[in-house]
Amino acid sequence: MRALALVTLLVACGGKDADTVPVDTAVDGTGSGGGTLSTPATTTPSGTGGTDVDTALDTGTATTPAVVGPAGRRLILTEICDDDLVDGLAWLELYNSGEAAVDLGDYSLRVFADGGTTPTDVALPHRALPAGRAWVVVQGGWEDVFVDTWGRAADQAGLPFTLDGDDSMFLFDRGELVDAFGVIGEGFDSPWAYPMSTATREDGILDGSASWDAGQWVVSFGAAFATPGRHPSSAPLPTDPGGTGTSVVVEAVVLSEVTDLASDADVKYVELYNAGFTAADLSGWSLNVYDAAAAEPATVQLAGVLAPGAAYVVAGAESADAFYATFGFHADLYSSVAFGNGNDPVQVTGPLGQIDTFGQVGADGFGQPWDYTDSAAVRLPGVLEGAAEWVADEWTVVAGDIGATPGEHGDGSLADPGVLWINEIVDHAEDDAVRWVELYNPGPDPAMLSRFVIHRYANGSPLSATVRLSGELAPGDVWVVAGDAGTFLARYGFDADQADPTIDGDGNDVYELRLDGVPLDVYGEPGVDGFGTPWEYTDSVVRRDPIVTGPQDSWLPEEWRVTAGSAGESPGMR
């Protein structure tokens, strides 16, 4: 059962920043809190290689069935603006039309600029966007101009170019197309073009569309009717006081790190992270630390306001000097409560109940999977909801100091996830139900598989289906993902490490490996049908050359060997 994840509080405007809140033990200095505007990296995938991407995306002007994302999640495009008065200012708006918060990091935008057919992907950050809220993305470098124009900040600076009215865009939920605006390859003469105009989704549209639907959009000249951050257009901005104070939704404040520093026995701390959309008032919150198997905790009272995307670090009072000497800044709060030696469970509670848990209350952690002696226990990226009981798959325990990154959760500086690359691909010559992909960890560290995703591009499509991995892979070991568990077992006499029907490449499909959403390694050329190409592997075995020393985000023919038939297959072996 998940712990309380959404807590509505009423707080006065202008609360204190988490860096300067009163502390149990007063310390001069600045803590680690304070969020900043998110600017994720953008990537340009390989070219389309002559593929008819317009057809591949099934884009057109006819009304298409509504698209609801996996598990009923709903995030849709609602507004796109090319400002007529401020040349170069362009932005777009996404809106959560569902009934529950969504993790924006599960989504990505694919934009075809200037009426072209070459896509650029725009990543979204791991943030919880509550139901009924909008997310505004502005062109990079135009954040201050946006504030001056609209009197509010954009939520993200992530567009690598100006939207000038002939840019089509497509929204993906974990690789699945869930919404579309415009038509690939069409320009200013199309009915959806918006030069010096604003394209606005009609109020009442709750589901995405697999292709552009003219009946759902209105294009108005200029920006006079633009309402960034508000959808429906009549909705107030989330920061409107309403006369009595600001209603703040506290979403996704989670325990993100619990550390017993290996190099200094005095340095022990716990980190909270606000992966949510709004600030969290920590008044009335407490951090409860259980001494091994103790039934009752020692309690640390929290205070202040934790900004979105910010971390809040609580450390033992006796470690103040050592903490500063190690990390170069002070924790947000030092407490007289004794912190753990690697075997102490931790809970967070708020005014309305339990928020999150690390470890098993009532159990001594020594020898348990969550034992963090001389280690850092780090929450994996994308976890946006606390847990009533410890969830092993959401954490990794990193021995030594390498995982200790106080104040940095959510900014890409988590414990090193390790390295993987694609090692072998098989489309079996004797049984077309036997298809699999093998990944290899060259070491020297374990690979956190949950940070990696396999993408398969079928038949030249620029769209991909995905396979999420889980667990940990030791250095020098391989991980085999089969399309069908039963046929793999029957053929080789042992189980694949993972089975997923997405692994069904029949010789012309591209496989791409991504780390935290960024392309890391690839076999083939995304957007190109492999039949007749040098990388076609129909009824064949593909092996990585043993001299390869690292992954490649574009296909290099000299690194691969394609052998017809099944003679070269060797699952489970490097």
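This is a predicted model: local features need pLDDT of at least 70, side-chain atom pairs count only at pLDDT 80 or more; totals for chains, interfaces and linings use all residues.
Visitor: What percentage of the residues count as buried?
Guide: Of the 574 residues of the protein chain, 54% count as buried. Buried means under 20% relative accessible area, exposed means over 50%, and partly exposed lies in between (1.4 Å probe, protein chains only).

Visitor: How many helices and strands are there?
Guide: The protein chain has four helices and 41 strands. Both are DSSP runs numbered from the N terminus: helices are H or I with at least four residues, strands are E with at least two.

Visitor: Among contacts between residues at least 6 apart in sequence, what percentage join residues at least 24 apart?
Guide: The share is 69% in the protein chain, where contact means heavy atoms within 4.5 Å.

Visitor: On to sheets. In what order do the four strands of the open sheet stand?
Guide: The order is S22-S21-S26-S27, with antiparallel pairing. Strands S22 (298-301) and S27 (353-358) stand at the edges with a single partner strand each, so one side of each is left without a neighbour in the sheet. From one strand to the next, the twist averages 20°. For that angle, axes are lines fitted to C-alpha atoms (for helices over the stretch in contact), and angles run from 0 to 180 degrees between N-to-C directions.

Visitor: How many bridges join S21 and S22?
Guide: Strand S21 (residues 286-289) pairs with S22 over four bridges, in the antiparallel sense. Two strands pair if DSSP finds at least two bridges between them. Ser-286 has Gln-301 in S22 as its bridge partner.

Visitor: Which residues touch the most other members in the largest nonpolar core?
Guide: That core has 30 residues, and those touching the most other members are Leu-255, Val-258, Leu-287, Leu-302, Tyr-312, Val-314 and Phe-358. A nonpolar core is a set of buried Ala, Val, Leu, Ile, Met, Phe, Trp, Tyr and Cys residues joined through side-chain atoms within 4.5 Å. Elements giving two or more residues to this core include strand S18 (253-260), S21 and S27. The largest share, three residues, comes from S18.

Visitor: And what does Val-314 touch?
Guide: Not counting residues up to four places away in sequence, Val-314 touches several residues, among them Lys-268, Leu-287, Leu-302 and Phe-339. A second, separate core of 29 residues includes Leu-449, Phe-452, Tyr-457 and Ile-503.

Visitor: Changing topic: how many salt bridges are there?
Guide: The count comes to 18, a salt bridge being a side-chain nitrogen of Lys or Arg within 4 Å of a carboxyl oxygen of Asp or Glu. Side chains of opposite charge can pair when their charged atoms come close.

Visitor: What parts of the chain does the pair Glu-430 and Arg-491 link?
Guide: Their side chains meet in a salt bridge at 3.2 Å, N to O. Glu-430 is in the loop between strand S30 (421-427) and S31, while Arg-491 is in helix H4 (residues 485-492), 61 residues apart. Glu-430 is exposed, with a relative accessible area of 58%, and Arg-491 is partly exposed, at 35%.

Visitor: Is Asp-509, then, buried or exposed?
Guide: Asp-509 is buried, with a relative accessible area of 1%. Its salt-bridge partner is Arg-456, with the closest N and O atoms 2.9 Å apart. Arg-456 lies in strand S33 (residues 452-457) and Asp-509 in the loop between strand S37 (498-499) and strand S38 (510-515), so the pair ties together parts that are 53 residues apart in sequence. Arg-456 also counts as buried, at 15% relative accessibility.

Visitor: Which residues are linked in a network of salt bridges?
Guide: The network links Arg-110, Asp-121, Glu-512 and Arg-514. The side chains of Arg-514 and Glu-512 meet at 2.7 Å, N to O, and both residues are buried.

Notes: Residues are numbered from 1 along each chain as its sequence is written. Side-chain values use heavy atoms; hydrogens and water are left out.
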